Amino acid sequence: MPKITPHATARQADMFARHRHWLAYAEGLAQAALSRGGSPHPSVKVGAVLVDAKGREIASAVNRFARGVDRRRRERYRDGFKALWINCAEQLAFMAALRKRASLRDATLYVTLEPCAVCAGLMAEVGLKQVCVPVGSLRRYAKLKSKWKESIEIGRIKLAEAGIEIDAVDIKK
């Protein structure tokens with residue numbers, strides 16, 4: 001099983017500060033009011049930020065309905081159906097980057113929840129270098145269903161096999 005290792009070395013302090021900055025930014029995007037672009041998901045609000053090798057933001061997104069799809073219809077929030085209507089933050093960040101024609105090679109993705117199996121596969125395809133998540137991100141989403149926990153486990157395996165670093169960052173420092 002791939003292991004996510006928390007950062008520990010003192011010489012990487014600046015890098016950790018950068019990681020915490022981008023993860024806090026992703027969290028702020030996800031938790032923002034719906035009127036300010038926050039996630040409409042009732043319990044699993046995920047934010048993602050793509051950053052290039054020079055530390056500049058490429059794109060960001062939250063898990064939400066696709067553009068033009070009506071998020072106000074109640075039936076789209078029913079248990080078992082939300083995942084069919086709400087797109088992953090990672091996918092939407094990739095789309096925003098593609099609209100800009102930005103290169104994702106060697107980019108880092110900061111995301112508030114570990115990627116699912118589908119998103120991990122996309123990360124391998126676009127050539128990401130690294131994925132950073134908060135330490136204990138799964139515990140933060142208490143209402144996450146077992147099927148999503150299993151998908152995240154498969155995502156970990158895909159990322160590890162594709163050679164993409166998975167870094168768990170302690171965001172409370």
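Which backbone nitrogen does the side chain of Asn 63 reach? In this predicted model, the side chain of Asn 63 reaches that of Val 46, at 2.7 Å.

Local features of the predicted model need pLDDT of at least 70 and side-chain atom pairs pLDDT 80 or more, while totals for chains, interfaces and linings use all residues. Residues are numbered from 1 along each chain as its sequence is written, and side-chain values use heavy atoms, without hydrogens and water.

**View 1. Asn 63 lies in the loop between strand E3 (57–62) and strand E4 (64–65).** Strands are DSSP runs of at least two residues, helices (H or I) of at least four, numbered from the N terminus. Asn 63 counts as buried because its relative accessibility is 6%; buried means under 20%, exposed over 50%, and partly exposed in between, with a 1.4 Å probe and protein chains only.

**View 2. Ser 39 and Asn 63 meet through their side chains in a polar contact of 2.7 Å.** A polar contact is a pair of N or O atoms within 3.5 Å; within protein, one must be able to donate a hydrogen and the other to accept it, and residues adjacent in sequence count only if both atoms are side-chain atoms. Beyond four places in sequence, Asn 63 is in contact (heavy atoms within 4.5 Å) with residues including His 41, Val 44 and Cys 88.
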